[in-house]
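Here is a short briefing to read with the model open beside you.

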Amino acid sequence: MKSPRFEGKVAIVTGAGRGLGRAYALELAQRGAKVVVNDAGLAMDGTGESAAPARQVADEIVSAGGIAVANTGSVDDLSQARALVEQALDAFGALHIVINNAGILRDRSFAKKDLADFRKVLDVHLWGTVQVTHAAWPILMNQQYGRVLLTSSGSGILGNFGQSDYGTAKTAMLGLMNCLALEGERKNVRVNTIKPAAATRMAQGVVSDAIFAKLKPELIVPAALCLVADDAPNGWIVQATGGHFSRVVFAQNEGVDLGAGASCDALAGRWERIEDISALMPVKHQETA
């Protein structure tokens with residue numbers, strides 16, 4: 001892969017007023033992209049709003065000689081998600097890259113979880129990603145070029161106490177990516193997912209102070225930018241943590257084929273073959289559900 005450059009590209013980064021989104025936006029601009037810096041300025045639980053974070057990052061980019069505009073819309077509002085895409089077209093006449101990064105947290109164990117909070121987390125993470133991507137999709141497909149990045153997390157892939165809503169949304173990103181990567185491939189629209197662990201507001205109180213100090217958001221940026229570059233892969237999940245990067249894949253074991261003799265008793269008698277993960281094979285796409 002060539003070192004990513006983004007001259008002539010227009011990028012939307014959601015949740016770009018702070019943390020990872022800010023780091024993505026700054027580096028994209030430094031490497032030549034025109035950036036729409038989206039951030040509604042919400043508190044970590046999704047309450048309140050402020051135009052300051054998005055405007056500050058856009059101003060920072062411009063002051064450094066880059067090109068950016070601020071957008072303060074909330075991605076979970078359909079009209080505002082569509083307006084975000086329209087702003088990219090109005091400001092720069094094009095759109096090539098969409099990085100879906102916006103998110104909130106409302107942590108509480110499932111037994112104590114208010115379902116309204118559960119829905120709100122899904123609305124921002126999952127529905128917000130769907131709405132922004134859906135608004136951008138016809139543009140990317142029609143021009144036969146697009147790069148879309150989704151954001152998952154360890155809570156989605158491995159689970160985390162008190163984050164059933166957040167984890168659900170983050171696992172859903174993988175299903176969304178798998179389908180969109182297939183649909184976009186014929187039109188050179190590539191869709192990937194990043195699984196970051198970084199010292200942002202979302203990580204405060206979740207990891208120790210010692211680990212938190214090592215997880216600078218800037219150390220996630222290389223993976224994000226490679227996943228939206230011209231020669232980006234398609235349908236990949238890349239984990240990025242404190243400067244360490246790896247590919248995450250779905251895998252299955254050989255299992256057991258019981259054929260026409262399949263029964264509960266027969267399967268129970270061979271269950272050790274289901275448990276054995278000493279030899280795993282990558283899961284390949286099948287046309288059946």
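Axes here are lines fitted to C-alpha atoms, for helices over the stretch in contact, and angles run from 0 to 180 degrees between N-to-C directions. Please keep in mind that this is a predicted model. With that in hand, the packing of helix α1 (residues 19-30) against helix α2 (residues 52-63) comes to an angle of about 25°, and their axes lie 10 Å apart.

**Helices α1 and α2**

- Angles under 35 degrees count as roughly parallel, and α1 and α2 are therefore roughly parallel to each other.
- The crossing of α1 past α2 is right-handed.
- On the α1 side, Arg22, Ala25, Leu26 and Ala29 make the contact, and they meet Val57, Glu60 and Ile61 of α2.
- Sorted by class, this α1 and α2 contact has five nonpolar and two charged residues, with no polar ones.

**Helices α3 and α4**

- Helix α3 (residues 78-92) packs on helix α4 (residues 115-143) at an angle of about 40°, with 8 Å between their axes.
- α3 and α4 are therefore oblique to each other.
- Here, too, is a crossing to look at: α3 passes α4 in a right-handed one.
- From α3, the residues Leu78, Ala81, Arg82, Leu84, Val85 and Leu89 meet Gln131, Val132, Ala135, Ala136 and Ile139 from α4.
- By class, the contact of α3 with α4 is made up of nine nonpolar residues, one polar and one charged.

**Nonpolar cores**

- In soluble globular proteins, nonpolar side chains tend to be buried together.
- The largest nonpolar core has 36 residues, and Ile12, Leu95, Trp137, Leu150 and Val191 touch the most other members.
- Two or more residues of this core come from each of β1 (10-13), α3, α4, β5 (146-151), α6 (164-185) and β6 (189-197).
- Leaving aside residues up to four places away in sequence, Leu95 touches Val10, Ile12, Val85, Ala88, Leu89, Ala136, Ile139, Leu140 and Gln143.
- There is also a second, separate core of 33 residues, and Val35, Ala54, Ala68 and Ala229 are among them.

**Ile277 in its loop**

- Where does Ile277 sit? Ile277 is in the loop between α10 (271-275) and β10 (280-282).
- Is Ile277 buried or exposed? Exposed means over 50% relative accessible area, and Ile277 has 58%, so Ile277 is exposed.
- Ala251 is 26 residues from Ile277 in sequence, and the C-alpha to C-alpha distance between Ile277 and Ala251 is 9.5 Å.

Terms used: Residues are numbered from 1 along each chain as its sequence is written. This is a predicted model: local features need pLDDT of at least 70, side-chain atom pairs count only at pLDDT 80 or more; totals for chains, interfaces and linings use all residues. Side-chain values use heavy atoms; hydrogens and water are left out. Helices (H or I, at least four residues) and strands (E, at least two) are DSSP runs, numbered from the N terminus. Angles under 35 degrees count as roughly parallel, over 145 as roughly antiparallel, 65 to 115 as roughly perpendicular and the rest as oblique. A crossing is left-handed if the near helix is turned anticlockwise from the far one by less than a right angle, and right-handed if clockwise. Contact means heavy atoms within 4.5 Å. Ala, Val, Leu, Ile, Met, Phe, Trp, Tyr, Cys and Pro count as nonpolar, Asp, Glu, Lys and Arg as charged, and the others, Gly among them, as polar. A nonpolar core is a set of buried Ala, Val, Leu, Ile, Met, Phe, Trp, Tyr and Cys residues joined through side-chain atoms within 4.5 Å. Buried means under 20% relative accessible area, exposed over 50%, partly exposed in between (1.4 Å probe, protein chains only).
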